Amino acid sequence: MSSLVKLSIETALRAIRNKEFKATELVEAHIAQAQNTKHLNAYITEIFDVALEKAKIADENYQSGKARKLEGIPVGIKDLFCTNGVRTTAGSKMLANFVPGYESTVSANLQNAGAIMIGKTNMDEFAMGSSNTTSYFGNVINPWKEVGSNDDLVPGGSSGGSAAAVSSFSAMGALGSDTGGSIRQPASFTGLFGVKPTYGRCSRWGMIAFASSLDQAGVFTRNVADSALLLEAVMGFDEKDSTSAKKEAPELLSACSKSIKGIKIGIPYELMKMEGISQEIMSMWQNSISMLKSQGAEIVEIELPHSKYALAVYYVIAPAEASSNLARYDGVRYGHRTEKTGLSLDEMYAQTRTEGFGEEVKRRIMLGTYVLSSSHMDAYYLQAQKVRKLIADDFKVAFQKAQAILLPSTPSSAFRIGEKQENPLTMYLNDIFTIPSSLAGLPCSSVPAALTNNGLPLGMQIITPAFDEYNLLRVSSALERCVLDINFKPRGF
Amino acid sequence: MITQEELNKLQKLAKLTFSQDEMNKFSQRLNNVLSMIELLKEVDCQNQQPLRSVCDMHQRFREDAVNSGDNSEILFANVPASNAKFAKEVKCFIVPKIVE
Amino acid sequence: MNYILGNTGKWEYVIGLEIHAQVTSKSKLFSGASTEFGASPNSQVDLLDAGMPGMLPVLNRYCVEQAIKSGLSVNARINKMSVFDRKNYFYADLPQGYQISQFYIPIAQDGYVFINTDDGVEKKIRINRIHLEQDAGKSMHDQSPNFSLIDLNRSGIALMEIVSEPDISSPLEAAEYIKKLRSILRCVGSCDGNMDQGSLRCDANVSVRKPGEALGTRCEIKNVNSVKNVVKAIEYEALRQVEMLENGGKIDQETRLFDADTGTTRTMRSKEDANDYRYFPDPDLLPVHVDDELITKLGEDLPELPDAKISRYVSDLGLSQYDAEVIVADAYTAAYFEEASKGVSPKLVANWISSELFGRLNKNDIELAECKITPVMINQLVMLIEEGTISGKIAKTIFEEMFESGKLPDEIIKEKNLSQIDDKSLLEKVIDEVIAANPDSVEQYRSGKDKLFGFFVGQVMKNTGGKANPGLVNDLLKEKL
C-alpha cells in the first residue's frame, strides 16, 4: 500500500503544490488501493479510466497555476447522487442500469473544486438501512475486524460504501448522505469523522430522494480539517432546490484549530439512563466529557424530553415520504421494467415494482402507505409532525443553555453481518442517538473517540444549532485533539 | 394488528404484490414496527402545530421564464430496452394499452 | 328553477362544477419548461415534469399572482399562508406517481359569482375554493393496438381548480356559470378560457332529488370540453339518475365519461373505486406566504370586471342589458366596442355589434378577431347615420359590403354610389315620374286608400336605388299626391 494513500487531504494538497508528487500518482495509488480492497465491495461502479484522465488535467492545472481548491483529490461519491453519464443505482435493482444525463449539484460542486471521483460507492438500497446489507450489489464489508476474529462486520449504513472506501484508504474523502444517521453511524463503525450539515445547506437537486424533509448530503474524512475543505466546496445555496437555505457557505477551516475555552457543552443526562447502552459506550461518553472539560469547555445539563419519541416519529415520517418519492419508479420512463408481457398497466406497475425493490424498501413503502392512508393519517402522520415540532423545540430550548450537545453516535460498535436481521426493530435502534438531530434538521458529526475492548472504533456525536457548522467543527476538532494517541486505523491497513 | 384486508388495500395503493408466504412474514415484521410507533399516541398534541418547515423558511418564488428546452435526448436515454426503438421513433413513452 | 319531470313527479337538479383553468404563464408551475400549445410530443418536458430521479419543484410566482387575482375577482378570501400537498396515485400520465396540488389549505376560499337563471333572475353561485395544481400529461390510445403512448408536454402546466358549491340548479345555469367564470378569468388575464384547446375544462358533479328531500348520491362527469356538451351531459346524466331511482334502483357514486357522439355518459373503467390519495404536504416545498401588501396591489391592478362593466354600460351609456352582456362577455369585444363608440352613440354602436355583426360572425362561424370589420369602420358608419348622410337601409347594405371586403364606409359609398339623395328637385322629378306611371293608384289613393302611400314610397325608393332621403320623400309625396 503506497504511503500516498495515508495522507490527509490538507497534506496531499500542500505536497502536490510543493511538487513532491503529481496528482496522477496520487490518483493511481488510490486506484491500486481500490483494486487491493475489492473484497470490501465498497464501490458499485469504478470510474478509474476517467479518473486518470481527470488526474492528468489536474496536473496541467497545477502547472499553469490554475489549480482549484481540491485539485486532484480522489473521492468516492455515494451512488445516491446522480452523476452525468455515469451509472447511478441507489443500490437498487430498480436503477441497476440507470445512466442519468445530469449531475447532482453537490457532486458537481465537489468536482468543480477539482476533486476527482474514482467510483460510486455502495449503499443500502435507496438509503434505507444502517448496515449496508440491503444493497442489490451485495454487502459492504467493514475494513475493521474484532481482535482475534476474522468475522466480517458491517460498516454501518446506509453510506457503508463511502465509509469503507475512506477507512480502507481507497479514497481521501467521500460524499455520503444522512437521513436518520446514515453518515454518523457508519463513521462511528469505521473510525472516521462524518458530518451532516444543517438541513438546507447542501442542495438536494440530483440527489435521489428517500425522505425529502430529512435527506442531507454530508462527508466522510479521516480527520476534521479535511471535512472542512470538502464542506466548503459542497455546501451552498441552489435556486433549483426550494428547501435550499439562502445562506453563504461559511469558511470552516479556521474552526479546526480554535480553542473551545468557555464553550458550553450540553449533556442530555437522562439519555444515559436508557436501556441497552453498553458499558463501553458509557465510558467513552464520560471520558469525552472530561476531555472536553480539560480543554476549557463548560459542561451543562440539558434536557431533550421528547427524544424518546424520536424513533417513532422517524419511522412514520421517513417511510411516508419515501412511499411517495418512490412512486415514480414504475418502469415507464427509466429503470427496471418487468419482462413479462401481456400485462395491463396496473399489472405492469405491480410486477415491475415487486421485482425491482428489495425487502426493506418494500416494507417501508407499505409502512409509509399505511401511515398516510386516510383512516390513519391523523393518528400517525399528522401526530408525528406535531411531535417532531416538539423535538425540534427541545433543541431550541437546550441551545439557550449550551452551544453544542455531546452524546454517543451509536448504541454499539460494528456488529457481524447477518446479526440483527430478524427483527427490523433491532436494526432501527442503531439510529436511536442520531435520529433526534435529523428530525430537527441540525448540523451534527461523529468523531472517533474510543476503541472497544475488541479493538473496534466508537464515535461521539456533536450537535450544534442550525447553520452553526463553524462551532460544530470547532468542538469536533477539540475532541479529536484529545484522542490523538488512539490510532483509528483498521489492522492490516 | 394490521388486517389482511388492509394489507390487500395497501398492496393495491403501493403497487406491490406479496405472495401469501411473504405476506405472513411481512405482516409480522410490520406489526412489530406498528407497535413501536403506537408510542406517539401518548403525546398530547391538542394545541400543537405540525412542523411545516425544517428550518423556518417560506417558499421561494421563481420568475415566469422558459429555461428548459427540448430534453428528449436525456428523457429517452433510459427507456426500457423492450420498447426503446418504438418510443424513440414516436417520441412518446410506451405503456400497455389503457382502456378508459 | 328547472325541473326534470319524472314518472313520480318533479325532480331537482343539484349540480356542482369543478373547473380546471390553465394559467396564462409562459412556463410551468414548478419547472421552466414552455407551456405553448401544439408542440411536438415530449419537446416541452423538463426533467422534473418527467419525474426523473432527484428532480425538485420551484414555484412560479406568476401562477400564484394569477390565482390570487382570480380569487379576488370572485370575491374570495385569500389565504396568506397556503400549502402544496401531494395527491398520490398511479397513472400513465402522472410521471411522479403523485400530483402536486393544494388539499388542506388552498390559496383562495369562499367566493361567489352572480349568474342569470332561466327565469331571468340574478342568482349567487358560491365558490368553495380556488387552488393551484399541476396538470397531467396526455395519453393517446389510438396509435397502436397494444400500447398507449404518453406525451408529457402538458405534465406540470399550472392549473387553477375552481370548485363551486352545489348551488347550480339546471343545465342552463351551469352554462351561465361557466360563461361568467370564463369571462371573468379572461378579463383578469389569468386564463384564456379556450375550451377547444383545453385551457378550460369542466367536471360536473350531478345528483337529483325530490324537492325538500336530502341530497342524492352524486356522479362526477369528467372532462366535458364545451359549454354545449356540459349542458347535454348534465341533462343526460340527471335523466339517467331519475330513471334509475324511479325504477327502484340505486345510484352508485362513480366517475363517468361523457361521450359527445352519443350524448350519453358511461362508467370510466380505468378509475378504481375510492382511490385513497393520502394527501400530505409536499416536503420538497415550503408553506407559501403572501402578504397584505401584495394582495392589495393585485386587487388594485385588477381591470373593471364584467359585471361592473355591464352595469356601467347600462346606466351610463344607455345600452340595453342584452347588448351590454353580449359585448362584455369578452374582453376583446368590450375593447372593440369602446373603440368603435368614440364620439358616437354607444347605444347605436352596441346594437350594430350585437345584432348585425355577431349575427354574421355566428353564421360564418368566425371570431370577432378574424372578422374584416374594424372598430373604426363601425365608428364611421354610425357617424354617417347620425349625420343623416345615409339611411338605415343603406347602412345595412354598406355593412354587408364591409363584412365581405373590409373596405371603409366612405370607399364603399363612393364605389357603389350609395350616397343618400337629398336633392329636392331630383326627388321631385322622380316622384313626378312615379305619379305619371301609376295613374290608377294615384286616383285610388286620392279617393281615400291611404295605405297606398307605402306603395308610392316603395316605387320612389326603387327608382332611386334605395338612396332617396326617406324623410324628404315622405314630405314631397304628401305634397304632390
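Biologist: Let us begin with chain A. How many helices and strands are there in chain A?

Modeller: Chain A holds 15 helices and 11 strands. Please keep in mind that this is a predicted model.

Biologist: What radius of gyration does chain A have, against that of a compact globule?

Modeller: The radius of gyration of chain A is 21 Å. A compact globule with 493 residues would have a value near 23 Å, so chain A agrees with that expectation. Along the principal axes, its C-alpha trace spans about 65 × 55 × 50 Å.

Biologist: What share of the residues in chain A is buried?

Modeller: Buried residues make up 70% of the 493 in chain A. As for contacts with a separation of 6 or more, 77% are between residues 24 or more positions apart.

Biologist: And its surface? How much of the accessible surface of chain A belongs to carbon and sulfur atoms?

Modeller: Carbon and sulfur atoms account for 48% of an accessible surface of about 15,100 Å².

Biologist: Turning to chain B, what pattern does it follow along the sequence?

Modeller: The order in chain B is α-α-β-α-α-β, which corresponds to 4 helices and 2 strands.

Biologist: What is the radius of gyration of chain B, and what would a compact globule of 100 residues have?

Modeller: Chain B has a radius of gyration of 23 Å, whereas a compact globule of 100 residues would be near 13 Å. The box filled by its C-alpha atoms is roughly 55 × 45 × 25 Å along the principal axes.

Biologist: Could you give me a pair of residues in chain B to look at? How far apart are the C-alpha atoms of N8(B) and H58(B)?

Modeller: Those two C-alpha atoms are separated by 39 Å, and the residues are 50 apart along the chain. N8(B) itself belongs to helix α1, residues 4-14.

Biologist: Why is N8(B) classed as neither buried nor exposed?

Modeller: N8(B) has a relative accessible area of 38%, so it counts as partly exposed. The buried class is under 20% and the exposed class is over 50%.

Biologist: What about contacts in chain B? What percentage join residues at least 24 apart?

Modeller: That figure is 24%, taken among contacts between residues at least 6 apart in sequence. Of the 100 residues of chain B, 51% count as buried.

Biologist: How are the charges of chain B placed?

Modeller: There are 13 positive and 14 negative charges in chain B, with mean positions 6 Å apart. The accessible surface of chain B is about 5,500 Å², and 47% of that area comes from carbon and sulfur atoms.

Biologist: Now the interface. How many residues of chain B are in contact with chain A?

Modeller: On the chain B side there are 49 residues, in contact with 73 residues of chain A. About 5,200 Å² is buried between the two chains, with carbon and sulfur atoms giving 68% of that area.

Biologist: Which residues of chain B lose the most area to chain A?

Modeller: They are R29(B), L40(B) and R60(B), which together make up 14% of what the chain B side buries.

Biologist: I would like to look at S27(B) next. Where is S27(B) found, and which residues does it touch?

Modeller: S27(B) sits in helix α2, which covers residues 20-37 of chain B. Leaving aside residues up to four places away in sequence, it touches I2(B) and L7(B). S27(B) is buried because its relative accessible area is 14%, and the limit for buried is under 20%.

Biologist: Let us move to the backbone. What is the phi of K15(B) near?

Modeller: The phi of K15(B) is near 55°, a positive value in a residue other than glycine. K15(B) is in the loop between α1 and α2 of chain B, and it is buried, with a relative accessible area of 8%.

Biologist: Back in chain A, is N132(A) buried or exposed?

Modeller: N132(A) is buried, with a relative accessible area of 0%. Its phi is near 55°, again a positive value in a residue other than glycine. N132(A) lies in the loop between β3 and α5 of chain A.

Biologist: One last item: which peptide bond is cis, with omega near 10°?

Modeller: The bond from G157(A) to S158(A) is cis. S158(A) is located in the loop between β3 (116-121) and α5 (160-167) of chain A.

Notes:
Residues are numbered from 1 along each chain as its sequence is written. Chains are lettered from A and ligands numbered from 1 in the order in which they are written. This is a predicted model: local features need pLDDT of at least 70, side-chain atom pairs count only at pLDDT 80 or more; totals for chains, interfaces and linings use all residues. Side-chain values use heavy atoms; hydrogens and water are left out. The radius of gyration is taken over C-alpha atoms; the globule rule is 2.2 Å times the number of residues to the power 0.38. Buried means under 20% relative accessible area, exposed over 50%, partly exposed in between (1.4 Å probe, protein chains only). Contact means heavy atoms within 4.5 Å. Accessible areas come from the Shrake-Rupley method with a 1.4 Å probe; for residues, only the protein chains shown count as cover. Lys and Arg count as positive and Asp and Glu as negative; His and the chain ends are not counted. The place of a charge is taken as NZ of Lys, CZ of Arg, CG of Asp or CD of Glu. Buried area is the accessible area (1.4 Å probe) that two parts lose on being put together, summed over both.
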